[in-house]
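Take a look at the chain shown here.

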Amino acid sequence: MKRVVLFLFLVQCCTSLLAQEYNPDKVGRKALALYEKAIELLKEDDFNKAVPILLECIKTDTNFVDAYLSLAGVFGELKQYKRSIQFYEIGKAKDPVYFMPYYLPYSINLAGDGNFEAALQAVNLFLENPKLNDKSIRSAAYRKKTYQFAIQYAAKNNGLSSYLFAPENLGDSVNSPTSEYYPSVTVTDSLLVFTRRGKYMREDFFSSTITAKKYAKAVPIGGIINEEPQKGAITVSQDGEWMLFAGRFAERGYDNFDLYIAYATPQGWSDPENLGTAINTEFWESAPSLSPDKRTLYFSSNRPGGFGGKDLYYSERLANGKWTPAKNMGPQINTAGDDQAPFIHADNQTLYFTSDGHPGYGGTDLFIIRKNDQGSWGIPENLGYPINTIENEGSLAVSADGLTAFYASDRADSRGELDLYRFELRSNIRPIRTLYLKGVVTDKMSGKKLPSSVELINNQDHTVLMKIQTDETGMYFITLPVGRDYTFSVNRKGYLPFTELYSLANKEADSVYVKNIALQPLALNASFTFKNIEFALNASILPETATIELDKLVTLLNEHPTLQVLISGHTDNTGNEVDNKKLSANRALSIVNYLIEKGISNNRLEYKGLGSSQPIASNDTPEGRARNRRTSVEITKL
């Protein structure tokens with residue numbers, strides 16, 4: 001905890017008083033005896049028992065300045081900042097000259113209460129003392145820098161003052177008299193997993209199911225995962241199928257904390273597997289966080305070659321299931337200090353982490369970084385007060401809707417030590433609200449479940465936002481960040497590609513999408529219709545989004561070099577039929593020309609314009625006419 005400065009000043013206060021020869025006329029003997037009794041308790045860190053004795057002390061002698069200052073220090077240790085400030089100010093009023101060395105701890109408690117302007121004034125008064133040693137000057141200069149940061153941050157974030165930070169304890173079903181920390185939630189917000197501290201520094205993993213924001217009684221996670229006492233950070237994949245955690249398992253690791261993975265099975269969680277040398281080293285690895293498509297693992301390590309004590313790293317999972325050698329996330333994110341506890345949100349574009357090296361409020365703060373349109377991480381941004389404080393902040397997890405955050409804290413209503421809390425994130429530090437799409441991929445002819453490649457492509461810049469590989473059951477689960485239009489693509493060699501358009505840019509989305517997909521095996525006369533190629537009115541120029549689907553067709557034709565296809569253009573019945581056939585033929589030709597540009601031989605391609613002669617819906621409604629305006633592909637030769 002960030003209590004070092006306060007504690008040092010408290011000790012100095014106690015030591016200076018006990019070393020003096022007291023004048024009974026100045027300090028009553030009864031008050032002095034009470035004070036010395038309180039000091040003995042403080043030496044044992046028994047702050048709560050010392051408080052009533054110190055209160056009795058100042059009741060006995062109302063001018064006992066050191067007792068007031070000691071009470072201020074104790075309340076600071078207990079994070080009761082308002083009471084700490086109250087007693088510092090009484091002490092200051094009774095003896096302003098004697099109070100001069102206490103302007104620094106006084107400023108710290110002002111900052112703890114969020115009054116950074118007053119804290120800056122107090123630390124400046126402290127620095128005016130010409131008798132300060134170098135250590136005191138360095139401590140004060142550090143605090144002054146954090147106060148200035150807090151003032152500047154508030155000025156840049158005008159909505160900060162109106163933000164109501166009201167953490168809610170998750171209650172007795174989750175929390176206990178011991179510590180709970182490292183929360184993680186699934187994208188469905190239906191499962192919470194966390195770490196609980198036990199006796200003799202033992203750590204165990206627990207889970208609690210969530211229904212209507214209510215938490216079931218937390219139970220130890222099943223399987224053999226909890227048999228090993230030395231464990232730490234835990235996370236669960238967004239679909240709830242994988243569990244990754246840090247542990248120190250005898251004869252399974254590399255002589256320190258390593259990262260492990262376990263899989264959900266009908267019998268419970270599988271035997272943990274070490275993630276191997278691509279990720280783990282003989283040094284410390286912890287705090288895993290897995291991207292929603294399970295392709296990127298983020299974690300923290302103190303291995304040599306970084307930029308500070310602990311750095312953030314990432315590793316990518318290849319198509320064969322192997323992990324690439326871990327890479328440092330670079331000097332823009334990592335600092336000379338400790339950078340830890342990464343959490344990648346379900347939107348796959350927002351990462352939260354802790355750092356004591358970036359500018360902040362002192363000690364370890366929480367930060368956010370976002371991916372830009374090029375897929376690179378931006379500059380870390382402090383989450384600001386009152387989420388970040390003069391205390392150390394720990395790991396953060398954020399629900400799929402982007403509104404609710406979970407974290408561990410030892411607030412006043414804690415059941416004991418660290419408890420888990422939830423709170424509403426301020427609007428400008430929220431991730432993108434994220435929904436999910438799930439279903440099963442099968443063979444259209446046989447009904448057999450198919451392992452397949454599933455992609456979510458951003459229509460705006462054509463980047464692949466998510467990519468997953470379904471298992472042998474054909475089941476897939478992929479997240480959908482709202483606010484953009486996407487093409488959902490499913491592919492397997494030997495089958496026609498499947499695409500679906502999800503327009504989430506300008507409308508309120510459903511909470512969940514279910515789409516079972518029957519892939520069409522390659523066969524003579526098998527066909528599909530492009531979902532993402534919408535030509536402008538009376539135009540045949542390919543829209544920018546067309547390449548998303550056309551490139552899938554290019555891949556199909558390259559994988560099957562004897563395949564020949566017919567591209568057919570269709571229109572609704574609006575306008576002259578002769579013009580419609582000409583327009584539909586030109587649209588089909590534009591697709592053929594694109595395929596030729598991509599290296600497909602023109603003798604494998606045919607095209608025709610069918611106008612409105614083959615409607616698939618009624619032309620009496622706008623929706624029906626939109627369905628009839630289409631371009632399709634048919635296999636003419638295998």
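A residue counts as buried when its relative accessible area is under 20%, as exposed over 50%, and as partly exposed in between, using a 1.4 Å probe and protein chains only. By that rule, 53% of the 638 residues of the chain are buried. The model is predicted: local features need pLDDT of at least 70, side-chain atom pairs count only at pLDDT 80 or more, and totals for chains, interfaces and linings use all residues. Residues are numbered from 1 along each chain as its sequence is written, and side-chain values use heavy atoms, with hydrogens and water left out.

Start with the whole chain. The C-alpha trace spans about 115 × 55 × 45 Å along its principal axes. The chain holds 12 helices and 34 strands. Both are DSSP runs numbered from the N terminus: helices are H or I with at least four residues, strands are E with at least two. Contact here means heavy atoms within 4.5 Å. Among contacts in the chain with a separation of 6 or more, 57% join residues 24 or more positions apart.

Now turn to a pair of helices. Two packed helices are described by the angle between their axes and the distance between the axes. Axes are lines fitted to C-alpha atoms, for helices over the stretch in contact, and angles run from 0 to 180 degrees between N-to-C directions. Helix H4 covers residues 65-77 and helix H5 covers residues 81-94. Their axes come within 8 Å and cross at roughly 160°. H4 and H5 are therefore roughly antiparallel to each other. The classes run as follows: under 35 degrees is roughly parallel, over 145 roughly antiparallel, 65 to 115 roughly perpendicular, and the rest oblique. H4 passes H5 in a left-handed crossing. A crossing is left-handed if the near helix is turned anticlockwise from the far one by less than a right angle, and right-handed if clockwise.

Which residues of H4 meet H5? They are Val65, Tyr68, Leu69, Leu71, Ala72, Gly73, Phe75 and Gly76. Across from them, H5 brings Tyr81, Arg83, Ser84, Phe87, Tyr88, Ile90, Gly91 and Lys94. By class, this contact of H4 with H5 has 10 nonpolar, 4 polar and 2 charged residues. Ala, Val, Leu, Ile, Met, Phe, Trp, Tyr, Cys and Pro count as nonpolar, Asp, Glu, Lys and Arg as charged, and the others, Gly among them, as polar.

The loops hold some backbone exceptions. Most residues other than glycine have a negative phi, and most peptide bonds are trans. Lysine 79, in the loop between H4 and H5, has a positive phi of about 60° although it is not a glycine. Lysine 79 is partly exposed, at 23% relative accessibility. Aspartate 45 also has a positive phi of about 60°. Aspartate 45 lies in the loop between helix H2 (29-43) and helix H3 (47-60). With a relative accessible area of 47%, aspartate 45 is partly exposed.

Next come the sheets. Two strands pair if DSSP finds at least two bridges between them. Strand S18 (residues 365-370) pairs with S19 over 2 bridges. There, phenylalanine 367 stands opposite asparagine 382 in S19.

Another open sheet has the order S25-S24-S27-S28, again with antiparallel pairing. Its neighbouring strands are turned by 15° against each other on average, direction ignored. Strand S27 (residues 485-491) and S28 pair over 6 bridges. Threonine 487 stands opposite leucine 501 in S28. Helix H10 (residues 546-559) lies across S24, S27 and S28, running at about 150° to S24.

Finally, follow some links across the sequence. Phenylalanine 165 lies in the loop between helix H9 (134-156) and strand S1 (168-169). Phenylalanine 165 is buried, with a relative accessible area of 15%. Leaving aside neighbours within four places in sequence, phenylalanine 165 is in contact with Pro386, Ile387, Tyr407, Arg411 and Phe423. The peptide bond from tyrosine 385 to proline 386 is cis, with omega near 10°.
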